[in-house]
Each structure stands twice: as C-alpha cells, then as structure tokens.
Amino acid sequence: MKRALLNIDYTNDFIATNGALTCGEAGQKIEAAVVAITRTFIENGVDIIYAIDVHDEGDAYHPETKLFPPHNLRNTNGRLLYGQLQEVYEESRDELNVHWLDKTRYSAFAGTTLGIMLRARGIEEVYLVGVCTDICILHTAVDLYNLGYRIVIVKDAVASFNQMGHEWALAHFEHTLGATIL
Ligand code: ZN
C-alpha cells in the first residue's frame, strides 16, 4: 500500500517556548520522534508533505483572528519548522518526494491541493505527525476518513497544549475513525 507522511504545523510558533501559540513542553518532547520518522520516510522515498498554517496579520475575514493570537504569519521566524526539523527540511527540500503545502484552516484539505497530490500519487495510507492533536491533526484526520484513506497516527509524534483534548483525540482516531495508533 502506498503511504505518505503529513507533517502538520511543527513550527516555532506552535512549539518554541516563546512561540505565539505554543504547545510548549508537550510539543518539544516529540521533536526526536517527528524528526526520526520524517528522516526515515524521506530516505525510503515516501512522500512527505509539510502542511503548514499560514496567516496574514489582522485578516478580518479569517475566523481564527477572533479565536487566537496572531500566529504563523507569512515570512516570519514563527513559521519556520522547529528545531532539527527545519534542518531536515533544508537538507531535503529539493527531493522529489518532499513537498511544502501552505494551509489556512485546521484541515490540510481545506482550500489546498492536498487531495489532488494524494490522488495523483496513488496514496492509500496517510501517517500523521505534528500538532495539535485535537485541532489540525483531528480536522485533517476527519477529512482523510471521509475520503476513504487509511490513517496512521504516530502517538509519540503528536501533541497538544491541551492534554485532555490530546487524549480524547487519540481515542477518537482509534475508535471512531478506525485509525492505527503507532
Ligand atoms: Zn492558524
């Protein structure tokens, strides 16, 4: 079965201690696991898609403007990948199996070409890593489920600022979306 890895929102704003909307320690703890699976999959020729939030400051038409402080603003340091993942990306960004996908909503499918990318490559199974378990990972997983993809959640490579939400989402992935939890 052809696999892809969706690497979601592992950026400075979501992970660094001084990030604008940070998961803090919970997010920092998964760095080694996120980096390890990303490296392994790149080396094995699996398609890696960095699905990364992008916003414009004060966007009056964006629903998140009222909900969250400004984060992942275009062309800022906050939008770079966190820690070693940024190095992995810089080393491998020219590989044909490494892709960058700007997203503006929780789900990586909303308003993006993700569906076309997965279909074109014959992907049937999608691995999810990154943050937040109960927001962007969750909304993306729901869309994968509705579109008939097999879902694999790498438990040690997802995190949230909300521990209860994180645990609820892991149970939801497994019992409601039929995901494999690794
Ligand atoms: Zn956002």
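Five bridges join β1 to β2, and the two strands run parallel. Helices (H or I, at least four residues) and strands (E, at least two) are DSSP runs, numbered from the N terminus, and two strands pair if DSSP finds at least two bridges between them. This is a predicted model, in which local features need pLDDT of at least 70 and side-chain atom pairs count only at pLDDT 80 or more, while totals for chains, interfaces and linings use all residues. Residues are numbered from 1 along each chain as its sequence is written, and side-chain values use heavy atoms, with hydrogens and water left out.

Buried means under 20% relative accessible area, exposed over 50%, and partly exposed in between (1.4 Å probe, protein chains only).

From β4 (residues 125-131) the pairing continues to β5 (residues 150-159), again parallel and over six bridges. Tyr-127 stands opposite Val-152 in β5. The complete sheet is open and has six strands in the order β3-β2-β1-β4-β5-β6, with parallel pairing. β3 (98-103) and β6 (180-181) stand at the edges with a single partner strand each, so one side of each has no neighbour in the sheet. Helix α8 (residues 163-175) lies across β5 and β6 and runs at about 160 degrees to β5. Such axes are lines fitted to C-alpha atoms, for helices over the stretch in contact (heavy atoms within 4.5 Å), and angles run from 0 to 180 degrees between N-to-C directions.

The protein donors of the zinc ion are Asp-53 (OD), His-55 (NE2), Glu-64 (OE) and His-71 (NE2), lying 2.1 Å from it. Donors are N, O and S atoms within 2.8 Å of the metal (3.2 Å for Na, K and Ca); water is not among the atoms, so sites may look incomplete. Along the chain the donors follow the spacing D-x1-H-x8-E-x6-H. His-71 lies in the loop between α4 and α5 (84-92), so its pairing with His-55 ties together parts that are 16 residues apart in sequence.

The angles among the four donor atoms are 91 to 168 degrees, and the site is irregular. Four donors count as tetrahedral if all angles lie between 85 and 135 degrees; four count as square planar and six as octahedral if opposite donors are over 155 degrees apart and all others between 65 and 115; anything else is irregular.

His-55 is buried at a relative accessible area of 9%, and His-71 is buried at 4%. The side chain of His-55 makes polar contacts of 3.1 Å with the side chains of His-71 and Asp-53. A polar contact is a pair of N or O atoms within 3.5 Å; within protein, one must be able to donate a hydrogen and the other to accept it, and residues adjacent in sequence count only if both atoms are side-chain atoms.
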